[in-house]
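Here is a short briefing to read alongside the model. Keep the viewer open and follow the topics in order.

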Amino acid sequence: MIATLLVEYSRAVPVLFWVAVVAASVVAWLLHRLGLRSVLFVLAGLSLVAVLALTLVPESEPAPGGCTVQFSVPFLGIDTLANIAMTVPLALFFGVATRHPLLVFAGVSALSAVIETVQSLAPVIGRRCDTDDWLMNTIGAALGAGAVLVILWVEGRRRATVSA
């Protein structure tokens, strides 16, 4: 149903994508500023559950094994945006909670590679391995980690100004 809705309103999808990224970044920044790391960890955990559910919950029919090797242009098309959007919250919330955005970026990219490997080796779950999915998930992780770097930089500058 959501795929049908996204296709029906495909012109609005890129705008909604960026609105969601900004909104999630503002939420992460506010939670960081309020010192609510536990809430950030909960949101990161929920994001992880969503990623795993969207990628590993079995489909109705088994898929052929193997992996499609392709690399699309990021931010073009609903599928690429969906794969980017899927990992932004995970990298964003976990990165702000741990204050280690580069490590989180590497971890989320590695998680995506593991998911694609599982999809390739377990055709019974009915998921298709695609290098493009890994690339777009990694771009989403980079976007989330970049937002974390900005949040930490802004908060560092704010604290330096307050203490001076």
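In this predicted model, the link of cysteine 67 and cysteine 129 is left-handed, with -65° about the S-S bond. The pair joins distant parts of the chain, 62 residues apart: cysteine 67 belongs to strand S1 (residues 67-68) and cysteine 129 to strand S2 (residues 129-130).

**The disulfide**

- The structure holds one disulfide, and its two sulfur atoms, from cysteine 67 and cysteine 129, are 1.9 Å apart.
- Are the two cysteines buried or exposed? Cysteine 67 counts as partly exposed because its relative accessibility is 36%, while cysteine 129 has 5% and therefore counts as buried.

**Salt bridges**

- As a reminder, side chains of opposite charge can pair when their charged atoms come close.
- How many salt bridges does the structure hold? There are two.
- One of them brings together the side chains of arginine 127 and glutamate 59, at 3.3 Å from N to O. Arginine 127 sits in the loop between H5 and S2 and glutamate 59 in the loop between H3 and S1, so this pair ties together parts that are 68 residues apart in sequence.
- Within that pair, arginine 127 is buried, at a relative accessible area of 16%, whereas glutamate 59 is partly exposed at 42%.
- The side chains of arginine 158 and glutamate 155 also meet in a salt bridge, with 2.9 Å from N to O. Both residues lie in helix H6 (residues 131-163), three residues apart, which is about one turn of the helix.
- Here arginine 158 is partly exposed, with a relative accessible area of 27%, and glutamate 155 is buried, with 1%.

**Aromatic pairs**

- A pair of aromatic rings is described by the distance of the centres and the angle of the planes.
- Searching the whole structure turns up two aromatic pairs. In one of them, the ring centres of phenylalanine 17 and tryptophan 18 are 4.9 Å apart and the planes stand at 80°; planes over 60 degrees apart count as edge-to-face, so this pair is edge-to-face.
- Phenylalanine 17 is buried, with a relative accessible area of 6%, but tryptophan 18 is partly exposed, with 40%.
- Phenylalanine 41 and phenylalanine 94 have ring centres 6.0 Å apart and planes at 70°, so they too are edge-to-face.
- What does this second pair connect? Phenylalanine 41 is in helix H3 (residues 37-56) and phenylalanine 94 in helix H4, so the pair ties together parts that are 53 residues apart in sequence.
- Phenylalanine 41 is partly exposed, at 35% relative accessible area, and phenylalanine 94 is partly exposed as well, at 33%.

**Serine 47 in helix H3**

- Serine 47 is another residue to look up in helix H3. Its relative accessibility is 11%, so serine 47 counts as buried.
- From C-alpha to C-alpha, serine 47 and phenylalanine 93 are 8.4 Å apart in space, although 46 residues separate them in sequence.

**A backbone angle to check**

- Most residues other than glycine have a negative phi.
- Which value does arginine 99 take? Its phi is near 60°, which is positive in a residue other than glycine.
- Arginine 99 is placed in the loop between helix H4 (78-98) and helix H5 (101-121), and with a relative accessible area of 39% it is partly exposed.

**Surface patch**

- Val22, Val26 and Leu30 make a nonpolar surface patch of about 230 Å².

**Overall fold**

- The chain has six helices and two strands, and from the N terminus on its elements run α-α-α-β-α-α-β-α.
- The radius of gyration of the chain is 17 Å, close to the 15 Å that the globule rule gives for 164 residues, so the chain is as compact as a globular protein of that length.
- The C-alpha trace spans about 60 × 35 × 25 Å along its principal axes.
- Of the 164 residues in the chain, 35% are buried.

Key
Residues numbered from 1 in each chain as written. Heavy atoms only, no water. Disulfide = S-S within 2.5 Å. Helix = DSSP H or I, 4+ residues; strand = E, 2+ residues; numbered from the N terminus. Buried < 20%, exposed > 50% of the residue type's maximum accessible area, 1.4 Å probe, protein only. Patch = residues over 30% accessible without salt bridge, like charges linked within 9 Å, V, L, I, M, F, W, Y side chains within 5 Å. Areas by Shrake-Rupley, 256 points an atom, 1.4 Å probe, with all protein chains shown as cover. Salt bridge = Lys/Arg side-chain N within 4 Å of Asp/Glu carboxyl O. Phe/Tyr/Trp six-rings, centres within 6.5 Å; stacked < 30°, edge-to-face > 60°. Rg over C-alpha atoms; globule rule 2.2 N^0.38 Å.
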